[in-house]
Amino acid sequence: MSEAAPDPTSAIPDGLRRFGALQPGPRAHVRDESARLAALRFERIRVTPVSPTIGAEIQGAQIAQLDDASFEELHRAWLEYKVIFLRDQECTADQQMAFARRFGALEVHPFLPANASHDEIIRFEKSEGVAGYENLWHSDVSWREVPSLGSVLRCIEAPPRGGDTLFVDMIAAYEGLPEAVRERLQGAVAVHDFMHSFGLALDEAQREEKRKEFPPARHPVVRTHPETGRKILYVNAVFTSHIEGMPREESDALLDFLYRQATVPEYQCRFHWEPGSVAFWDNRAVQHYASNDYWPDRRVMERVTVIGDRPA
Ligand code: SIN
């Protein structure tokens with residue numbers, strides 16, 4: 001646990017300290033975490049953080065041609081920064097899949113449209129006729145019993161402006177919760193369901209069919225990262241339906257408060273795409289949001305997702 005810092009709000013006039021908008025956020029966590037990250041050393045790749053606790057640009061690596069030592073460093077950077085970004089990648093769809101497979105087996109998404117040639121590649125192709133709708137904070141497929149480990153997203157066509165993807169550090173979001181809320185969340189289990197998102201696009205028979213395949217999933221509200229041991233706030237506004245064993249109103253109010261943690265800018269970073277850019281996020285530790293500010297321009301992205309582990 002971090003050393004107590006002198007209260008940096010003590011110089012703020014009393015009236016302003018009580019002003020509701022003055023959210024101190026996880027000062028101690030951000031201070032300690034950015035210092036810890038700044039002390040990390042990499043020999044084979046260059047790692048440039050894009051915010052104090054989340055996101056780093058990696059230079060000196062092509063995901064299509066990574067030797068084992070560089071791969072090991074890139075893996076470490078991914079775990080530490082939770083999302084990594086690489087530019088100017090010379091990479092085909094097959095090479096993107098081969099890179100992702102180094103982390104585990106690939107997922108075939110049961111609802112999202114695949115690239116014509118590979119079931120494991122989701123193609124997001126937006127244009128004047130197809131607006132983006134991924135502008136909601138979410139963690140991918142949390143409605144599965146075994147949600148994804150992470151996704152490798154590659155930009156094929158970028159709009160002339162806009163179209164960034166935002167990521168939020170759900171470890172910082174957890175650390176920033178008031179102590180009393182963290183205590184209340186101990187042992188809490190949330191139910192995640194596809195019905196209020198992908199299910200809305202299905203007819204009754206299709207919904208029943210998919211329901212058999214994907215019953216509501218139960219996950220701890222605070223999960224522990226299996227590789228880093230960090231605690232993560234693991235609920236999201238798109239797929240989480242309720243907290244088990246809590247009256248509905250209380251669960252809605254608590255979830256609403258927890259969802260707002262993902263919208264705190266101090267926990268976020270954003271990435272501006274160019275053709276050939278790649279982002280790889282740890283879906284266990286972050287949520288993401290695709291900014292839908294570029295319509296009617298074209299934006300074409302392809303995503304490969306790695307199957308993860310059961311949240312615990
Ligand atoms: C997604 O995986 O939700 C889409 C991300 C993006 O297109 O930026």
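In the predicted model, the side chains of Glu145 and Arg310 form a salt bridge, with an N to O distance of 2.7 Å. Glu145 is partly exposed, at a relative accessible area of 48%, whereas Arg310, at 53%, counts as exposed because its value is over 50%.

A search of the whole structure returns 34 salt bridges. One of them joins Glu57 to Arg87, at 3.5 Å from N to O. This pair also links distant parts of the chain: Glu57 belongs to strand 2 (residues 56-59), while Arg87 lies in the loop between strand 3 (83-86) and helix 4 (93-101), 30 residues apart. Glu57 is buried, with a relative accessible area of 19%; Arg87, at 22% relative accessibility, is partly exposed. A further salt bridge is formed by Asp282 and Arg284, whose closest N and O atoms are 2.9 Å apart. Both Asp282 and Arg284 are buried.

Gly276 is placed in the loop between strand 13 (268-271) and strand 14 (278-282). Its relative accessibility is 15%, and Gly276 therefore counts as buried.

Helix 8 (residues 248-261) consists of 14 residues and spans 20 Å from its first C-alpha to its last, close to the 20 Å expected at 1.5 Å a residue. Its buried residues are Ser251, Leu254, Leu255, Leu258, Tyr259 and Gln261. These residues lie on the same side of helix 8, because they cover an arc of only 140° around the axis. In an α-helix, with 3.6 residues a turn, residues three or four places apart point the same way. Glu249 and Ala253, on the other side of helix 8, are exposed. The buried residues of helix 8 pack against both strands and helices: strand 7 (165-169), strand 11 (231-233) and strand 12 (240-243), together with helix 5 (170-175) and helix 6 (179-185).

Definitions and conventions
Residues numbered from 1 in each chain as written. Predicted model: local features only at pLDDT ≥ 70, side-chain atom pairs only at ≥ 80, totals over all residues. Heavy atoms only, no water. Helix = DSSP H or I, 4+ residues; strand = E, 2+ residues; numbered from the N terminus. Expected span 1.5 Å × (residues − 1). Buried < 20%, exposed > 50% of the residue type's maximum accessible area, 1.4 Å probe, protein only. Arc of directions from axis to C-beta. Contact = heavy atoms within 4.5 Å. Salt bridge = Lys/Arg side-chain N within 4 Å of Asp/Glu carboxyl O.
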